[in-house]
Amino acid sequence: MSFVPGSQQRHLRACMVCSIVQVQQRFIREGCPNCETFLGLQNHPDSVQECTSQVFEGLITLADPSKSWVARWQRLDGCVPGVYAVKVVGQLPEEVVQSIEDAGGRYVPRDGTVHDDDA
């Protein structure tokens, strides 16, 4: 995430799958750098609305997710460097969850409802 001026901070959204935080227009323009293969957010504003949330808590900046204990704790060790939310509030549509599972992934909600022993 590059610098976001104060006037643009109200446009920040977090991906409900990986929790990366970007401005809404970047999600629309480029998609999610971690989840694009199965979310398909690029050029789909409706999908951005469904799969990202304006309601999130805490921010983590990861420069090297492969070496970070925080990245492992947040299950981000396979993600790109960037700014991530600690918790993301929202619920993915069922067809999106199915798409993740069909792609061989496992959706773990980022809102704190699933504990480490459940994940």
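## Strands E4 and E5

Phe56 stands opposite Val88 in E5. Strand E4 covers residues 56-62 and strand E5 covers residues 82-88; helices (H or I, at least four residues) and strands (E, at least two) are DSSP runs, numbered from the N terminus. E4 and E5 run antiparallel and are joined by six bridges, and two strands count as paired if DSSP finds at least two bridges between them. Of the seven residues of E5, five are buried, so this strand is largely enclosed by the rest of the structure. Here buried means under 20% relative accessible area, exposed means over 50%, and partly exposed lies in between (1.4 Å probe, protein chains only).

## Basis of the description

The model is predicted: local features need pLDDT of at least 70, side-chain atom pairs count only at pLDDT 80 or more, and totals for chains, interfaces and linings use all residues. Residues are numbered from 1 along each chain as its sequence is written, and side-chain values use heavy atoms, with hydrogens and water left out.

## Overall architecture

The protein has five helices and five strands, which follow the pattern β-β-α-α-α-β-β-α-β-α along the sequence. Of its 119 residues, 40% are buried. The accessible surface comes to about 6800 Å², and carbon and sulfur atoms account for 49% of it; these areas come from the Shrake-Rupley method with a 1.4 Å probe, and for residues only the protein chains shown count as cover.

A contact means heavy atoms within 4.5 Å. Among contacts between residues at least 6 apart in sequence, 51% join residues at least 24 apart.

## The three-stranded sheet

An open sheet of three strands has the order E2-E1-E3, with antiparallel pairing. Strand E2 (21-23) and strand E3 (52-53) stand at the edges with a single partner strand each, so one side of each has no neighbour in the sheet. Strand E1 (residues 12-15) pairs with E3 in the antiparallel sense over two bridges. Within this pairing, Ser53 in E3 is the bridge partner of Ala14.

## The nonpolar core

A nonpolar core is a set of buried Ala, Val, Leu, Ile, Met, Phe, Trp, Tyr and Cys residues joined through side-chain atoms within 4.5 Å. The largest such core has 32 residues, of which Cys15, Val17, Cys18, Cys32, Leu39 and Leu92 touch the most other members. Two or more residues of this core come from each of E1, E2, helix H1 (24-30), helix H3 (45-51), E4, H4, E5 and helix H5 (94-102). The largest share, four residues, is that of E5.

Not counting residues up to four places away in sequence, Val17 touches Cys35, Phe38, Leu39, Leu92, Ile100, Tyr107 and Arg110. Ser19 lies in the loop between E1 and E2 and is buried, with a relative accessible area of 0%.

The loop between E4 and helix H4 (69-73) contains Ser68, which is buried at a relative accessible area of 14%. A polar atom of the Ser68 side chain lies 3.1 Å from the backbone nitrogen of Val70. Lys67 has its place in the loop between E4 and H4 but counts as exposed, at 69% relative accessibility. The C-alpha atoms of Lys67 and Asp77 are 7.7 Å apart, and these residues are separated by ten positions in sequence.

Rings of Phe, Tyr and Trp (its six-membered ring) pair if their centres lie within 6.5 Å; planes under 30 degrees apart count as stacked, over 60 as edge-to-face and the rest as tilted. By this rule the count comes to one aromatic pair. Trp69 and Trp73 form this tilted pair, 6.4 Å centre to centre with 40 degrees between the planes. Both residues lie in helix H4, four residues apart, about one turn of the helix. Trp69 counts as exposed at 59% relative accessibility, whereas Trp73 counts as partly exposed at 47%.

## Arg29 in helix H1

Arg29 is placed in helix H1 and counts as partly exposed, at 48% relative accessibility. Arg29 and Pro45 are 16 residues apart in sequence, and their C-alpha atoms are 9.2 Å apart in space.

Methods: Polar contact = N/O pair within 3.5 Å; in protein donor to acceptor, adjacent residues only side chain to side chain.
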